[in-house]
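Hi everyone, thanks for coming. I'd like to walk you through one protein chain, so please have a look at it with me.

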Amino acid sequence: MEQHHIELIRQTIALAQQNIRQGQGGPFGAIIAKDGVAISSGCNNVTTGNDPTAHAEIVAIRNACNKLKSWDLKGYELYSSCEPCPMCLGAAYWAGVSKIWFSANREDAALVGFDDDYLYQEIAKPVGQRSMAMSVLIPAEGQALLQEWLSIPNRVEY
């Protein structure tokens, strides 16, 4: 294994340590890198920013996209101090991240109170069986909107 992978993971851990020691949020840090060079980073700021989406990976992805002025991170890698939760994993897929490297896994996170297993289980259930109520309203209008999107010749596919 190339040394830069280990160095980048250690940097995510250092970011997370600094974050918790300064009281800025949870014990998570993340870096977006290309060819072993970090281009952005992020730390968990859920509680200090009053933003449930401010996970380290999301912050790092947002910072990378802002820096690159692109939503496309194909060819970039995500390094995280911990295995990404379902939201962060989804964001990495949507951004096109090529590979994710992490240190602690989701079982380790669950042992200290960050248990995402419930979310993984909920996502796998049919809509009507999830614990959060979900209902469809005026589906024809929503479907018409999607068809309108398809009719735009110069739309940006993603």
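Let me start with a term: a residue is called buried when its relative accessible area is under 20%, exposed when that area is over 50%, and partly exposed in between. Isoleucine 138 has a relative accessible area of 54%, so isoleucine 138 counts as exposed. Please also keep in mind that this is a predicted model.

Let's stay with isoleucine 138 for a moment. You'll find it in the loop between α6 (117–124) and α7 (139–150). Most residues other than glycine have a negative phi. Isoleucine 138 is not a glycine, yet its phi is positive, about 35°. Asparagine 50 also has a positive phi, about 50°, without being a glycine. Where is asparagine 50 found? In the loop between α2 (46–49) and α3. With a relative accessible area of 69%, asparagine 50 is exposed.

Now let's step back to the whole chain. The protein chain has seven helices and four strands, and along the sequence they follow the pattern α-β-β-α-α-β-α-β-α-α-α. Along the principal axes, the C-alpha atoms fill a box of roughly 50 × 40 × 30 Å. Of the 158 residues, 33% count as buried. Take the contacts between residues at least 6 apart in sequence: 47% of them join residues at least 24 apart.

On to the inside. In soluble globular proteins, nonpolar side chains tend to be buried together. Here, the largest nonpolar core has 21 residues, and Ile32, Ile61, Leu73, Leu78 and Val97 touch the most other members. Which elements give two or more residues to this core? They are β1 (29–34), α3 (56–68), β3 (77–82) and α4 (86–95). Of these, α3 gives the most, with six residues. Apart from this core lies another one, of eight residues, including Leu8, Leu15, Ala33 and Cys43.

Leaving out residues up to four places away in sequence, leucine 78 touches Ala30, Ile31, Ile32, Glu57, Pro84, Ala92, Val97, Lys99, Ile100 and Trp101.

Next, a pair of helices. Two packed helices are described by the angle between their axes and the distance between the axes. For α3 and α4, the axes come within 8 Å and cross at roughly 25°. Angles under 35 degrees count as roughly parallel, and α3 and α4 are therefore roughly parallel to each other. The crossing of α3 past α4 is left-handed.

Which residues meet there? From α3 we have Glu57, Ile58 and Ile61, and they meet Met87, Cys88, Ala91, Ala92 and Ala95 from α4. Sorted by type, the residues of this contact are seven nonpolar, no polar and one charged.

My last stop is serine 81, in strand β3. Is serine 81 buried or exposed? Its relative accessibility is 8%, so serine 81 counts as buried.

Technical notes
Residues numbered from 1 in each chain as written. Predicted model: local features only at pLDDT ≥ 70, side-chain atom pairs only at ≥ 80, totals over all residues. Heavy atoms only, no water. Core = buried A, V, L, I, M, F, W, Y, C linked by side-chain atoms within 4.5 Å. Buried < 20%, exposed > 50% of the residue type's maximum accessible area, 1.4 Å probe, protein only. Contact = heavy atoms within 4.5 Å. Axes fitted to C-alpha atoms, helices over the stretch in contact; angles between N-to-C directions. Parallel < 35°, antiparallel > 145°, perpendicular 65-115°, else oblique. Left-handed = near helix turned anticlockwise from the far one by under 90°. Nonpolar A, V, L, I, M, F, W, Y, C, P; charged D, E, K, R; others polar.
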